[in-house]
Amino acid sequence: MIYKKVNDFIICSLPTYDEIDMEQVELIVENTHNTWQSDRKKDEIRENTIQGKRAEIVMERLLAENCNA
């Protein structure tokens, strides 16, 4: 993954929607309970979940490329 470090920040491109397992996203959406935001609609939950999955992919890639494990 191509990224740039600027002070304490990392700037990189986001994974595309093609890189996200949408079946997994839908499973999460269908099993998410609005415990603290009772008025969230499924579309908002879906977008929040996709955002989280994109961040998860970025972190996995950065760790894989920069850790000596």
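Student: Which residues form the largest nonpolar core?

Tutor: A nonpolar core is a set of buried Ala, Val, Leu, Ile, Met, Phe, Trp, Tyr and Cys residues joined through side-chain atoms within 4.5 Å. Buried means under 20% relative accessible area, exposed over 50%, and partly exposed in between, with a 1.4 Å probe and protein chains only. Here the largest such core has six residues, namely Ile20, Val25, Val29, Ile45, Ile50 and Ile57. At least two of its residues come from each of α1 (22-30) and α2 (42-66), and α2 gives the largest share, three residues. Helices (H or I, at least four residues) and strands (E, at least two) are DSSP runs, numbered from the N terminus.

This is a predicted model, in which local features need pLDDT of at least 70 and side-chain atom pairs count only at pLDDT 80 or more, while totals for chains, interfaces and linings use all residues. Residues are numbered from 1 along each chain as its sequence is written, and side-chain values use heavy atoms, with hydrogens and water left out.

Student: What does Ile20 touch?

Tutor: Contact means heavy atoms within 4.5 Å. Leaving aside residues up to four places away in sequence, Ile20 touches Val25, Ile50, Lys53, Arg54 and Ile57.

Student: How do α1 and α2 pack?

Tutor: Two packed helices are described by the angle between their axes and the distance between the axes. Axes are lines fitted to C-alpha atoms, for helices over the stretch in contact, and angles run from 0 to 180 degrees between N-to-C directions. In this model α1 and α2 pack at an angle of about 130 degrees, and their axes are 9 Å apart. Helix α1 is therefore oblique to α2; angles under 35 degrees count as roughly parallel, over 145 as roughly antiparallel, 65 to 115 as roughly perpendicular and the rest as oblique. Among the residues making the contact are Met22, Val25 and Val29 of α1 and Ile45, Thr49 and Ile50 of α2.

Student: How many disulfides does the structure hold, and why?

Tutor: A disulfide is a covalent bond between the sulfur atoms of two cysteines. The criterion is a pair of cysteine sulfur atoms within 2.5 Å. The structure holds zero disulfides, because the sulfur of Cys12 is 15 Å from the closest cysteine sulfur, in Cys67, too far for a bond. Cys12 is partly exposed, at 25% relative accessible area, and Cys67 is partly exposed at 43%.

Student: Is Gln51 buried or exposed?

Tutor: Gln51 lies in helix α2 and is exposed, with a relative accessible area of 57%.
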